[in-house]
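Trainee: Could we go through this model together before I set anything up with it?
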Amino acid sequence: MCGIFGVFGAPHAAEVTHLGLYSLQHRGQESAGIVAVDGDSVARGTRKMGLVGEGLSAVEMEKLEGQIAIGHTRYSTAGSSTLDNAQPVLARFKGGHIALAHNGNLTNAVELRSRLEDSGSIFASTMDSEVIVHRLARAEQALPEYMLAEALHGVDGAYCLVVVIGETLLAARDPRGWRPLVVGALGDGFVFASETCALDIVGATLLREVLPGEIIAVDRDGMRSFQSETPRQLHRCVFEHVYFARPDSYVFGGSVDRARRALGHRLADEQPAPTADLVFAVPDSSNAAALGFAERSGLPLELALIRNHYVGRTFIQPTQAGRDAKVKVKFNPVREVLAGKSVVMVDDSIVRGTTTRGLVALVRGAGAREVHMRVSSPPIVGPCYYGIDTPNRDELIAANHSIEEIAALIGVDTLGYLSLDGMLNAVPGGPDGFCDACFSGNYPTPAPSSLVKMRRAPRETAGV
Ligand code: AMP
């Protein structure tokens with residue numbers, strides 16, 4: 001998964017983008033990059049492995065002159081985690097430069113890439129996104145927005161893009177609307193961002209969502225947009241509301257905080273824990289859901305797990321051994337709260353079960369008498385092909401075990417998941433128009449023909 005940001009018409013566009021990327025850090029922590037275009041149409045870029053604050057220095061931003069910039073935070077789901085695969089991609093072609101930043105996963109990238117390779121294209125990375133850059137360079141259309149429309153025609157799967165061609169900033173969203181993308185106003189300029197929290201940090205005002213299948217172009221003449229692909233049945237990723245987006249964002253037109261609270265309310269209705277003394281969240285992604293559970297159940301909400309904020313998300317670790325160790329590095333239980341108590345532990349999802357098992361052991365070690373785990377989404381039974389980093393089916397605990405077995409494996413007294421209907425009815429704008437493929441197995445596209453090639457190479461071999 002990734003975060004994307006673009007700005008047109010700001011005096012120091014790279015600095016604005018740098019700030020914006022700080023707010024999109026949760027969407028990707030492997031690498032970050034910015035490309036800016038100056039008044040002479042010279043494009044300059046920087047891409048670094050690591051966090052925005054580690055890799056991209058303020059001094060470096062000063063060198064990236066110009067009023068147009070795009071940026072990217074990366075969390076690899078297609079292509080391995082190396083600097084070659086960091087974005088934005090910056091390429092030169094017959095018409096000048098193309099810079100591109102992508103959030104999502106293309107499901108037919110392998111086929112598109114091999115067709116391009118058959119006709120002589122050479123790729124500099126293993127990212128699916130580079131396919132779009134090659135298609136842009138080959139487009140027959142002359143106007144940037146039509147070039148992009150031509151390049152995207154026949155590209156399937158999930159994409160939100162910010163692209164700079166020459167001195168035009170473009171934004172595009174796939175016709176099923178999988179990933180969020182908004183446009184805001186900043187002075188006389190415009191800003192695009194994966195989430196509204198990135199508009200807030202730069203002082204931009206939200207105008208609207210980029211519509212599914214829409215391309216928006218911004219240049220010296222202002223902003224114009226058109227529907228480049230006929231919108232298809234909406235498949236907005238419900239996991240953005242469940243886990244991925246920040247609670248201070250509005251995604252798909254709805255508040256993530258309200259969505260998570262409503263998920264917590266439903267969870268308390270569907271899976272009560274009548275014998276419990278208190279409820280607590282696995283911070284931070286389930287804070288709002290645990291609050292919702294507490295509100296509805298009448299149980300007190302306690303802070304039973306303290307999260308170390310200087311450690312990244314657990315999945316960042318390349319190996320399983322690293323992930324296990326990281327649970328302890330990341331969380332510590334508060335004995336004072338837990339000792340002798342029957343507790344409800346709320347989390348937003350169980351993926352592999354590794355984190356959860358580790359957490360339950362910590363909570364029991366701190367003296368909890370009973371542990372009732374409540375999950376504010378249904379069991380994850382299939383991988384995501386559209387940009388969320390869920391592993392392959394054989395690693396997904398719920399794809400291979402019954403709920404009773406999972407309860408035993410993670411070591412809880414009871415385990416209750418929210419139902420699929422409960423989740424879809426709780427999120428704003430539901431129950432229709434969401435992609436729930438990882439929960440339901442209803443995939444709206446054919447599975448990618450070569451899953452191994454499309455998804456990231458195993459981390460162990462990827463040199464993360
Ligand atoms: P585990 O029990 O090891 O599957 O880990 C579940 C935890 O990982 C939960 O706390 C989730 O909030 C978090 N999580 C869920 N999906 C992802 C993801 N795609 N990437 C990183 N963390 C995730």
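Predicted model: local features only at pLDDT ≥ 70, side-chain atom pairs only at ≥ 80, totals over all residues.

Trainee: How many residues surround the ligand, and which are the closest?
Mentor: There are 16 residues around the ligand, the closest being D347, V351, R352, T355 and T356, where a residue is near a molecule if one of its heavy atoms lies within 4 Å of it.

Trainee: Which polar backbone atom is 2.6 Å from an oxygen atom of the ligand?
Mentor: That backbone atom belongs to R352, and a polar backbone atom of T354 is 3.0 Å from an oxygen atom of the ligand. On the nitrogen side, a polar side-chain atom of Y243 lies 2.7 Å from a nitrogen atom of the ligand; a polar contact here is a pair of N or O atoms within 3.5 Å.

Trainee: Switching topic, what is the strand order in the open sheet of five strands?
Mentor: The order is β18-β17-β21-β22-β23, with parallel pairing, where two strands pair if DSSP finds at least two bridges between them, and strands (E, at least two residues) and helices (H or I, at least four) are DSSP runs numbered from the N terminus.

Trainee: And which strands stand at the edges?
Mentor: β18 (301-302) and β23 (414-417) do, each with a single partner strand, so one side of each is left without a neighbour in the sheet. Four bridges join β23 to β22 (residues 370-375), and Y417 in β23 is the bridge partner of V375.

Trainee: Where does helix α15 pack?
Mentor: Helix α15 (residues 403-410) touches β22 and β23, and its direction makes about 125° with that of β23; contact means heavy atoms within 4.5 Å, and axes are lines fitted to C-alpha atoms, for helices over the stretch in contact, with angles from 0 to 180 degrees between N-to-C directions.

Trainee: Last one: how many disulfides are there?
Mentor: The count is zero, a disulfide being a pair of cysteine sulfur atoms within 2.5 Å.

How values were computed:
Residues numbered from 1 in each chain as written. Heavy atoms only, no water. Polar contact = N/O pair within 3.5 Å; in protein donor to acceptor, adjacent residues only side chain to side chain.
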